[in-house]
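Subject: Structure handover

Hello,

Here is the structure I promised to pass on. Please open it alongside this note.

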Amino acid sequence: MRGNPDAGTGILNNELYAGVLAWNRHRFIKNPETCTRISRVNPESECDLPPWTGPP
């Protein structure tokens, strides 16, 4: 149930449950000092979204 509506994460915000398969939604930035990855949302213009065809 948790998630971020702006990022499109979480069960209720997941587009895959509506039948939409989206690619390139996030990018990961690695901190070289701590070796941790931080996810960032890509702009809508960079995302590969299929055209909306309505409910399945």
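Below is what I found in it, from the whole chain down to single residues.

**Ground rules**

This is a predicted model, so local features need pLDDT of at least 70 and side-chain atom pairs count only at pLDDT 80 or more, while totals for chains, interfaces and linings use all residues. Residues are numbered from 1 along each chain as its sequence is written, and side-chain values use heavy atoms, with hydrogens and water left out.

**The whole chain**

The protein chain has two strands and zero helices. Both terms refer to DSSP runs, numbered from the N terminus: helices are H or I runs of at least four residues, strands are E runs of at least two. The chain holds 56 residues, and 11% of them are buried. For burial, the cut-offs are under 20% relative accessible area for buried, over 50% for exposed, and partly exposed in between (1.4 Å probe, protein chains only).

Areas come from the Shrake-Rupley method with a 1.4 Å probe; for residues, only the protein chains shown count as cover.

Now the contacts, meaning heavy atoms within 4.5 Å. Take those in the protein chain with a separation of 6 or more: 23% of them link residues 24 or more positions apart.

**The hairpin**

E1 covers 26-31, and E2 covers 36-41. The two run antiparallel and are joined by six bridges. Strands pair if DSSP finds at least two bridges between them. Two facing positions are worth a look. Phe28 stands opposite Ser39 in E2, and Ile29 stands opposite Ile38 in E2.

Four residues separate E1 from E2 in this hairpin. Cys35 sits in that loop. Its phi is near 60°, a positive value in a residue other than glycine. Cys35 is exposed, because its relative accessible area is 53%.

Thr36 belongs to strand E2. Thr36 counts as partly exposed because its relative accessible area is 41%. Beyond its neighbours within four places in sequence, Thr36 is in contact with Ile29, Lys30 and Asn31. The side chain of Thr36 also makes a polar contact of 2.9 Å with the side chain of Thr34. A polar contact here is a pair of N or O atoms within 3.5 Å; within protein, one must be able to donate a hydrogen and the other to accept it, and residues adjacent in sequence count only if both atoms are side-chain atoms.

**After E2: Asn42**

Asn42 lies in the segment after strand E2. Asn42 is buried, because its relative accessible area is 6%. Setting aside residues up to four places away in sequence, Asn42 touches Asn24, Arg25, His26, Arg27 and Cys47. With Arg27 there is also a side-chain polar contact to Asn42, at 3.1 Å.

**Before E1**

Arg25, one of the residues that Asn42 touches, is found in the segment before E1. Arg25 counts as buried because its relative accessibility is 19%. Its C-alpha atom is separated by 8.0 Å from that of Glu46, 21 residues apart along the chain.

Leu21 also lies in the segment before E1. Leu21 is partly exposed, because its relative accessible area is 48%. Apart from residues up to four places away in sequence, Leu21 touches Leu16, Asp48 and Pro50. Leu21 and Pro50 are 29 residues apart along the chain, with 7.3 Å between their C-alpha atoms.

Asn13 is another residue in the segment before E1. Asn13 counts as partly exposed because its relative accessibility is 29%. Its C-alpha atom is 7.2 Å from that of Gly3, ten residues apart along the chain.

**A surface patch**

Ile11 is found in the segment before E1 too. Ile11 counts as partly exposed because its relative accessibility is 47%. Ile11, Leu12 and Tyr17 make a nonpolar surface patch of about 390 Å². Patches are made of residues with over 30% relative accessible area and no salt bridge: like charges are joined within 9 Å, nonpolar side chains (Val, Leu, Ile, Met, Phe, Trp, Tyr) within 5 Å. A salt bridge is a side-chain nitrogen of Lys or Arg within 4 Å of a carboxyl oxygen of Asp or Glu.

Best wishes
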